[in-house]
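Okay, thanks for coming, everyone.

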Amino acid sequence: LKGVTYPVDYGHIEGFIGEDGDELDVFVGTGDRHGLIKVWRLDVPEETKFILNATEEEFEAIKGAFGPVLKEAATLGEKDILARISLFQAPKG
């Protein structure tokens with residue numbers, strides 16, 4: 001979101017492609033909670049953004065930053081988050 005300052009580090013995961021065709025978005029916090037959010041966009045039906053190592057407060061702040069475009073938010077265990085991220089791995093070659 002233009003002009004938004006996120007409460008944690010925000011970047012991408014190289015080698016993984018999101019629904020928008022750009023590198024997969026990731027938030028990295030300072031806790032031990034993992035999860036994802038799905039947001040509505042004009043150019044794609046939804047975009048998945050992953051959240052790693054967040055505190056409860058950071059997770060809630062990330063969700064709040066996306067307010068009206070937030071479609072879904074979920075907390076995932078370590079194995080589940082890795083499995084979900086792996087679905088976005090870019091084809092090799």
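This is a predicted model: local features need pLDDT of at least 70, side-chain atom pairs count only at pLDDT 80 or more; totals for chains, interfaces and linings use all residues.

**The sheet and its helices**

So, let's start with β1 and β2: they run antiparallel, and six bridges join them. Helices here (H or I, at least four residues) and strands (E, at least two) are DSSP runs, numbered from the N terminus. Within that pair, His12 has Asp25 of β2 as its bridge partner.

Residues are numbered from 1 along each chain as its sequence is written, and side-chain values use heavy atoms, with hydrogens and water left out.

Zooming out, in what order do the five strands sit in the sheet? The order is β1-β2-β4-β3-β5, in an open sheet with mixed pairing; two strands pair if DSSP finds at least two bridges between them. β1 (9-17) and β5 are at the edges with a single partner strand each, so one side of each has no neighbour in the sheet. From one strand to the next, the twist averages 25 degrees. For angles, axes are lines fitted to C-alpha atoms, for helices over the stretch in contact, and angles run from 0 to 180 degrees between N-to-C directions.

Now the helices. α1 packs on the sheet and touches β2, β3, β4 and β5, its direction making about 5 degrees with that of β3; contact means heavy atoms within 4.5 Å. Helix α2 (residues 78-86) packs on the sheet too, touching β1, β2, β3, β4 and β5, and its direction makes about 145 degrees with that of β4.

Which residues of α1 are buried? In this helix, residues 56-66, they're Glu58, Phe59, Ile62 and Phe66. Buried is under 20% relative accessible area, exposed is over 50%, and partly exposed is in between (1.4 Å probe, protein chains only). Looking down the α1 axis, those buried residues fall within an arc of 105 degrees, so they line one face of the helix; the arc is that of the directions from the helix axis to the C-beta atoms. Their cover includes β2 (23-28), β3 (33-39), β4 (47-54) and β5 (70-76). Over on the other side of α1, Glu57 and Gly64 are exposed.

Last bit, the whole chain. From the N terminus on, the elements go β-β-β-β-α-β-α. And 37% of the 93 residues count as buried.
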